[in-house]
Amino acid sequence: MAAAQPLLEVRDLKVHFFTREGVVRAVDGVDYSVNRAETLGIVGESGSGKTVSSLAMLRLVPPPARTVAGQILFDGEDLLTRTPKQMAALRGRRIAMIFQNPATSLNPIYSIGAQLTEILTWHEKASRRDAEPRVIELLGLVGISDPATRLRQYPHELSGGMRQRIGIARALLCNPSLVLADEPTTALDVTIQAQILELLAELQARFRMSMVLVTHDMGVVARMATRITVMYAGRVCETADAATIFNAPQHPYTRALLESMPRIDHSYAGPARRVLPSIPGRPPNLLNPPSGCRFHDRCPEAQVECRRLLPVETAVAPGHIVSCLRRGSPGIVA
Amino acid sequence: MGTVRYILRRLIFSAFLIIGVSMILFAMINAIGNPIEILLAERPGITDEIIESITQYYGLGGSVTDRYFTWLGAIIRFDFGTSIIYNLPVSEMLLTYGLETLKIQIPAILIALLVSVLISVLAATRQYSRIDFGVIAGAMVGHSLPGFLLGILLILLFSYWLGILPSYGAYSTRNLLMDSMVIDGLWHMVLPVAMLAFFNTATLTLLLRASLVDVLRQDFITAARASGLPERRVVFGHALRNAFIPVLTYLGILFGLMLGTAPVTETVFTWPGLGALYIMAIQQLDYPLIMGATMIITFMLVTATLLTDIAYVIIDPRIRLA
Ligand SMILES: Nc1ncnc2c1ncn2[C@@H]1O[C@H](COP(=O)(O)OP(=O)(O)OP(=O)(O)O)[C@@H](O)[C@H]1O
Ligand code: SF4
Ligand SMILES: [Mg+2]
């Protein structure tokens, strides 16, 4: 029983932006959990609240956003009740983050070596002299050739892929138990994307760490994730293990996402070409989210009640959670 | 290697710049005409012979180019001729008055730098809070307050009503405070330095706060926080240094022009400084003094610009030394 306790458990998390125009419900009641040494893929369109919910794990949501409700149980303890000091001690040491854009997530005026050793010396009270060999070793591990030279280089002297490797090394410096990877390959060339994903998978297995891999790309989670959570407009649609999501998806949004993925066995050119289906409509404005089910105005299966009732997550099978009125989820008026 | 060559090239460029300014200055002054004629022609009892002899005395005869090179040769030896109004060597005057100006300007800029860093950090880390709005409003008002108004208010408050600080001059004319030149000098510096520091703080805070707000929004700041670095290090170590990059140019100009930018303060506090002297020289057409002061200010500005460029290379590794 105790052994099955997940490393991270997020319950009913709500992060709202308090703007002049009103409250933007960027994350509005999200639940998910991450087991030890597994990769949870979180999939969602742009603006569905992926980055904001990752930052919420570290209690670093930017103003005017605030985490207004929920629990974030890390190793059984709620991070939202931790003191700022306790939080700071966790960041980078037990929970680390890899950022979406490697071009902007390294400080342009400090050398790679200065930035990485600073973190190590701070957390482990190590001297620069002791920290440097470890940084060099880790840079080697993330596939950077000639790490001792790179140490003296500045971010602008490196390619995007190289910078993202540095970003990964920075996250792994203190051997964290949980790594939040926020679209780590979105800003990179396709060929580099594959290399970085491979590296992440390898490191995850090697250090037996848990990883939350956030992406808008079903193809990425297909390669990487043990389990998958699909998000839409700040809420969770469906969570299941990867095979179930791809072979027996239940939620209409998950199905639509899968149908809009290009498939290797289909031809999209030539006389017998298929048209790649896309989800009609646009992602909703979270300032005024649709009533009832957030997906109702784009959902092919929507019924009258979907406008009125907000579906609550329900298990349709062990480990398979869906929130859709037409899959047996109860609805609440909201 | 690259840096040394860059500095060398900038040095040569600076020298050309100064020579260029000296030519333009000389040409412009020359275009006004023979100063002796302008100053004395209308006076009764001035004959052409007298004008001729005075013209010779001040070295104003001969062709323009001859006179330019004579003048250039002299100023390289720090000889700017004799002031027409004061009948003193201009070089000596520049030194005395210039040092008095530096005495209030340098402390004022340094104090402003320190204070504006603290205020900017306070405001930018609390963006859109009451403190932040208060700082913006205060800095805007300070930035646009007329100089003489603040000067007079300071004199009213501290000299007239409270009677604790002197309102004019750099030293007491009769009894030195505590019989010490140093203490008496510092005592006289307080109000002018406060006034200059106030205006510099207002402007620097506006620039620095805006820049800092911008930097604090960047991903690498969130990343530094996500790495567990304490807020102190994130703000002072990572954000502030980046925030200074766009402010550096302004700081360079502040230092570069400081000999000439305090005339109002110097006038309000009757401070024997170069800014007030310069304006008086212009009003009274004291040619040697105008030219000497202009050259000194040009030299300072060019030097400060050079130092700013070097500072950029040191602080920002992205700058390519082309
Ligand atoms: N400064 C802000 N003010 C108001 N709302 C904001 C602000 N920043 C983000 N949001 C809201 O938060 C929502 C989620 O943003 P987030 O960055 O988490 O999306 P994301 O899923 O990471 O998207 P992407 O794939 O583009 O990175 C956005 O849709 C937006 O409505
Ligand atoms: S609840 Fe209704 S609108 Fe929402 S996904 Fe299910 S069927 Fe579609
Ligand atoms: Mg994002």
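I note here that the model is a predicted one.

**Interface, continued.** I looked up the residue counts next. There are 24 residues of chain A in contact with 20 residues of chain B. I then asked how many salt bridges cross the interface of chain A and chain B. The rule finds one. Its partners are B:Arg233 and A:Glu118, whose side chains meet at 3.3 Å, N to O.

Strand S6 (95-98) and helix H3 (112-124) of chain A each give at least two residues. H3(A) gives the most, with four residues. By residue class, that side of chain A divides into 14 nonpolar, seven polar and three charged.

**Chain B.** I counted 14 helices and zero strands in chain B. The C-alpha atoms of chain B fill a box of roughly 85 × 60 × 35 Å along the principal axes. I then turned to the record. In an unreviewed entry, UniProt lists "transmembrane region" for residues 12-33, 104-124, 145-165, 185-208, 247-269 and 289-315 of chain B. I looked at two of these spans in the model. Residues 104-124 of chain B are 100% helix and 0% strand, with the end C-alpha atoms 29 Å apart. Residues 247-269 of chain B are 65% helix and 0% strand, and the end C-alpha atoms there lie 30 Å apart.

**Chain A, annotated domain.** The unreviewed UniProt entry lists "domain: ABC transporter" for residues 10-258 of chain A. In the model that stretch of chain A is 39% helix and 27% strand, and its end C-alpha atoms are 25 Å apart.

**Ligand 1.** I found 15 residues around ligand 1, the closest being A:Ser46, A:Gly47, A:Thr51, A:Val52 and A:Glu183.

**Ligand 2.** I listed the residues that surround ligand 2: A:His251, A:Pro252, A:Cys293, A:His296, A:Cys299, A:Glu301, A:Ala302, A:Cys306, A:Cys324, A:Leu325 and A:Arg326. This shell divides into seven nonpolar, two polar and two charged residues.

**Backbone details in chain A.** I checked two loop positions. A cis peptide bond joins A:Pro63 and A:Pro64, with omega about 10°. A:Pro64 sits in the loop between helix H1 (50-57) and strand S4 (65-74) of chain A. A:Asp75 is not a glycine, yet has a positive phi of about 55°. I placed A:Asp75 in the loop between S4 and strand S5 (77-78) of chain A.

Conventions:
Residues numbered from 1 in each chain as written. Chains lettered and ligands numbered in written order. Predicted model: local features only at pLDDT ≥ 70, side-chain atom pairs only at ≥ 80, totals over all residues. Heavy atoms only, no water. UniProt positions renumbered as here; feature names shortened; annotations may be inferred. Near = heavy atom within 4 Å. Nonpolar A, V, L, I, M, F, W, Y, C, P; charged D, E, K, R; others polar. Contact = heavy atoms within 4.5 Å. Salt bridge = Lys/Arg side-chain N within 4 Å of Asp/Glu carboxyl O.
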